[in-house]
Amino acid sequence: MVSTGAAGQAGAQSPFCVLIPARMNSTRLPNKPLADIAGQPMIVRVAQRAHASGAQRVVVAADSDLIVQACRAHGVEAVLTRTNHASGSDRLAEACELLGLEGDDLVVNVQGDEPMMDPGLIDAVAAQLAASAEASMSTAAHEIDSVQEFTNTNVVKVVLDAQGFALYFSRATIPWWRDGFGAGISKLPPVRPLRHVGIYGYRAGFLRSFPSLSPAPVEASEALEQLRALWHGHKISVHVTATAPGVGVDTAEDLERVRSLWKGAAA
């Protein structure tokens, strides 16, 4: 079995629920939630990782009855949501309504294509939000250790303030090292940049209201939905983890890599 990292160490932390959005239509990998990983659908593998955390409840929010049926066949709770949601956060907002989650109820959003998610990271993101009364959201980041990753526009970077709240997220190389990048980026800046990890904690009341917030002008440029929260004055508290997250599944090549990892762990 794949290691569960820091799972099961949540202790007396505040109660929280994990919501996992899942949709069938993926341009790069059709029917992705149902892709087989060591004999079970990927969405079930994700839910199993979430169940290994300290979450009191794990629910898949699906846009297809096929996903709901696959989850229930493996003992995973699932709710059917509308098919016309513009984003995963919109789907989660509907799931909050269906499940009666509101106010300061804590919700952790684990993506449906993260079968290698560390349960300990789920706990940490929940604890980060519980400890930050002024924050509406929490998320995670880790230090970038290569120039290639720092300059990759598919890698989202985040800059924090002194209290660990996000100042800005960008696909650009931030922070910019004025005195070191004049002749090109050949090394990392003295202050190690942070890579954003796509896991979020929410207060359910904020999550339910999020779809009604107007998009931030910069949100469309960066294609980063979390900038909407910052634009409207909401704080995002960031847990900095020492390690990079497990492999996510965006492409067929990613899927084969994850299958190999599961096969190797079971050997």
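1. K32 is buried, with a relative accessible area of 12%, which falls under the 20% cut-off. This value, like the others in this note, comes from a predicted model. K32 sits in the loop that links β1 to β2 (36-37). Setting aside residues up to four places away in sequence, K32 touches M24, S26, M42, D113, V249 and D250. With one of these, D113, there is a polar contact from side chain to side chain, at 3.0 Å. K32 can also be compared with T251: 219 residues separate the two in sequence, yet their C-alpha atoms are 9.1 Å apart in space.

2. How far can the model be trusted? The average pLDDT of the chain is 91, and 95% of the residues score at least 70. Residues 1-11 have a pLDDT below 50, although this stretch has 24 contacts in the model beyond near neighbours in sequence. Where pLDDT is low, predicted coordinates should not be read in detail.

3. The largest nonpolar core has 43 residues. Those that touch the most other members are V18, I20, V60, V110, I122 and I199. Helix α1 (residues 42-51) contributes the most to this core, namely 6 residues. Another core, of 31 residues, lies apart from it; its members include C17, A61, V79 and L227. In soluble globular proteins, nonpolar side chains tend to be buried together.

4. V18 deserves a separate look. Leaving out neighbours within four places in sequence, V18 is in contact with A50, S53, A55, R57, V58, V59, V108, V110 and I122. Two of these partners, V110 and I122, are also named among the core residues that touch the most other members.

5. Helix α4 (residues 119-130) passes a simple check of length. At 1.5 Å a residue, its 12 residues should span 16 Å, and the C-alpha atoms at its ends are 17 Å apart, which agrees. At the start of α4, a side-chain oxygen of D118 comes to within 3.0 Å of the backbone nitrogen of G120.

6. How many of the 12 residues of α4 are buried? The count is 10, so the helix is mostly covered. The buried residues are P119, G120, L121, I122, D123, A124, V125, A126, Q128 and L129. The elements that cover them include β1 (16-22), α1, β6 (106-109), β7 (135-143), β10 (194-203) and β11 (235-241).

7. Strands β8 (residues 157-160) and β9 (residues 166-170) run antiparallel and are joined by 4 bridges. Across this pair, K157 stands opposite S170 in β9. The hairpin has 5 residues between the strands, and in it G164 takes a positive phi near 85°.

8. Apart from neighbours within four places in sequence, S170 is in contact with V155, V156, K157, E222 and L224.

9. T173 lies in the loop between β9 and β10. At 15% relative accessibility, T173 counts as buried, because the cut-off is under 20%.

Key:
Residues are numbered from 1 along each chain as its sequence is written. This is a predicted model: local features need pLDDT of at least 70, side-chain atom pairs count only at pLDDT 80 or more; totals for chains, interfaces and linings use all residues. Side-chain values use heavy atoms; hydrogens and water are left out. pLDDT is the predictor's confidence in each residue, from 0 to 100. Contact means heavy atoms within 4.5 Å. A nonpolar core is a set of buried Ala, Val, Leu, Ile, Met, Phe, Trp, Tyr and Cys residues joined through side-chain atoms within 4.5 Å. Buried means under 20% relative accessible area, exposed over 50%, partly exposed in between (1.4 Å probe, protein chains only). Helices (H or I, at least four residues) and strands (E, at least two) are DSSP runs, numbered from the N terminus. Two strands pair if DSSP finds at least two bridges between them. The expected span of a helix is 1.5 Å times one less than its number of residues. A polar contact is a pair of N or O atoms within 3.5 Å; within protein, one must be able to donate a hydrogen and the other to accept it, and residues adjacent in sequence count only if both atoms are side-chain atoms.
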